[in-house]
Amino acid sequence: MTVTIQNDQLIATIAEAGAELISLKSKETNIEYIWQGNPEFWGRHAPVLFPFVGKLKENRYEYQGKTYSMGQHGFARDMDFAVINQGAESVSLSLKSTAETKKSYPFDFELVITYELGGEGITTHYQVENTGKEEMFFAIGGHPAFNVPLEEGLTFEDYYMAFSPQKSRLRLPLDGPYIDLDQRTLGQTNTNLALNRQLFEQDALIYETKGLNAFSIRSEKSCHSVTLSYKEMPYVGIWSPYPKEAPFVCIEPWCGIADTLIATGNLIEKYGINQLAANELFQTKYSITVS
């Protein structure tokens, strides 16, 4: 099942499966900004990553003396959400813990994802509520994929990534699927970055981010672009599958990150993990604007 919301400029479609944004189209130009999930390259669109972002070492972790198994990016993207509120320009979907989720993640929670159209963009709101009686540990993030090129007649290499503010950001390189903290370096995000396949030879480009950040996919040959922005998410991943010549780029805002090479597996010690007291709320958001 899907839900459609729209305003004067845009039409957005959200799947109840995974609460995933699967389409964002301009009414004026009919341009589709969201990757349409061709499994030849990558079969998803913009999955919600929860309760973990990235990969755990050996796909497992320990909490209070017990070992749990969890696949990459958590389980929310593969679960059905319930629509709890819908209007013409917004929709909210909810996922609650169950006996089944507690087999791999021993916390009581409610995750609410709200999509809200406004002008030439859409904002994704994340709300995590700890509905249990003990402290909760979690990560959450987005994984939206954007079509590149955005229109016929252009190529992947006609586009570039623009960063705002234009400043160097700390880059966290991957060694396989894990973060290698010893190899942290300043990334050259103080200038535009031309898109090419070799950028992703070592998988995603991952940066630490503070304050207001905006990441744009643009071309000098077109007036059409897409920008993802946020204020309160500490990491971003930029990814396209290599060596496939996939016609999309993901801009992934995260509150959490993959395990490091030296991760112990202890959930409380996990790098980048968030803590939430009983009956408390965690809220954050990111916006996509298009032209």
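## The largest pocket

In this predicted model, the largest pocket has 18 lining residues, and those nearest its centre are Gln72, His73, His143, Asp203 and Glu252. Its volume comes to about 320 Å³. If you like to think in terms of residue classes, the lining splits into 10 nonpolar, four polar and four charged residues.

## The second largest pocket

Next comes the second largest pocket, with about 200 Å³ of space. Its lining is made of 14 residues, and His125, Glu232, Thr284, Lys285 and Tyr286 are the closest to its centre. By class, this lining holds four nonpolar, seven polar and three charged residues.

Where do the lining residues of the second largest pocket come from? At least two residues each are supplied by strand E9 (109–118), strand E10 (121–130), strand E22 (226–230) and strand E26 (281–290). E26 gives the largest share, with five residues.

## The enclosed space

The largest cavity holds about 40 Å³ of space.

Its lining consists of Leu21, Ala46, Pro47, Val48, Tyr115, Thr124, Tyr126, Gly142, His143 and Tyr286. Seven of the lining residues of this cavity are nonpolar and three are polar, while none is charged.

## A look at serine 219

Serine 219 sits in strand E21, which covers residues 213–219. Is serine 219 buried or exposed? Its relative accessibility is 6%, so serine 219 counts as buried, the cut-off for buried being under 20%.

The side chain of serine 219 takes part in two backbone contacts that you can check in your viewer. A polar atom of this side chain lies 2.9 Å from the backbone oxygen of aspartate 158. The side chain also reaches the backbone nitrogen of lysine 221, at 3.0 Å.

Which residues does serine 219 touch, leaving aside those up to four places away in sequence? They are Leu154, Asp158, Tyr159 and Tyr160.

Methods: Residues are numbered from 1 along each chain as its sequence is written. This is a predicted model: local features need pLDDT of at least 70, side-chain atom pairs count only at pLDDT 80 or more; totals for chains, interfaces and linings use all residues. Side-chain values use heavy atoms; hydrogens and water are left out. Helices (H or I, at least four residues) and strands (E, at least two) are DSSP runs, numbered from the N terminus. Buried means under 20% relative accessible area, exposed over 50%, partly exposed in between (1.4 Å probe, protein chains only). A polar contact is a pair of N or O atoms within 3.5 Å; within protein, one must be able to donate a hydrogen and the other to accept it, and residues adjacent in sequence count only if both atoms are side-chain atoms. Contact means heavy atoms within 4.5 Å. On a 1 Å grid over the protein atoms alone, a cavity is a set of points where a 1.4 Å probe fits but cannot get out, and a pocket is an open set with protein on both sides within 12 Å along at least five of seven lines; lining residues have an atom within 4 Å of a point. Grid points are joined across faces, edges and corners, and a volume is the space filled by probe spheres set on the points. Ala, Val, Leu, Ile, Met, Phe, Trp, Tyr, Cys and Pro count as nonpolar, Asp, Glu, Lys and Arg as charged, and the others, Gly among them, as polar.
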